[in-house]
Amino acid sequence: EALAERIAQLEIEIARRVGEHDTLYGSVTSADIAQALEARGFEVEKRRIQLPDPLKALGETTVPVKIHRDVTAQLRVKVVAERQ
């Protein structure tokens, strides 16, 4: 539960290349989110990140991360345009 609270306080920012009209090239998957969490010092398997569909738009969303059978943290994920 302590880990869930620490994850819930995080905001992960993932930069992606965008084309005209701010459309993403590709998408953000649970593996990308797991990598971003690992960079922050949290070991979370990508299958525990409950992302129904890959994120395909810029903006902020809340993604459930299952820590334990009874414990799920709400992680804020922000998809931003990559700086060139």
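What covers the buried residues of α2? The cover includes β1 (11-16), β2 (23-28), β4 (59-68) and β5 (71-81).

## Basis

This is a predicted model, in which local features need pLDDT of at least 70, side-chain atom pairs count only at pLDDT 80 or more, and totals for chains, interfaces and linings use all residues. Residues are numbered from 1 along each chain as its sequence is written, and side-chain values use heavy atoms, with hydrogens and water left out.

## Helix α2

Helix α2 spans residues 30-39. Helices (H or I, at least four residues) and strands (E, at least two) are DSSP runs, numbered from the N terminus. The buried residues of α2 are Ser-30, Asp-32, Ile-33, Ala-34, Ala-36 and Leu-37. Buried means under 20% relative accessible area, exposed over 50%, and partly exposed in between (1.4 Å probe, protein chains only). An α-helix has 3.6 residues a turn, so residues three or four places apart point the same way.

Asp-32 lies in this helix. Asp-32 counts as buried because its relative accessibility is 19%. Leaving aside residues up to four places away in sequence, Asp-32 touches Ile-14, Arg-16 and Ser-27. Contact means heavy atoms within 4.5 Å. After α2 comes Gly-41, with a positive phi near 95°.

## The β1-β2 loop

Most residues other than glycine have a negative phi. His-21 is not a glycine, yet its phi is positive, near 60°. His-21 sits in the loop between β1 and β2. With a relative accessible area of 74%, His-21 is exposed.

Asp-22 is found in the loop between β1 and β2. Its phi is also positive, about 55°, although Asp-22 is not a glycine. Asp-22 is partly exposed, at 49% relative accessible area.
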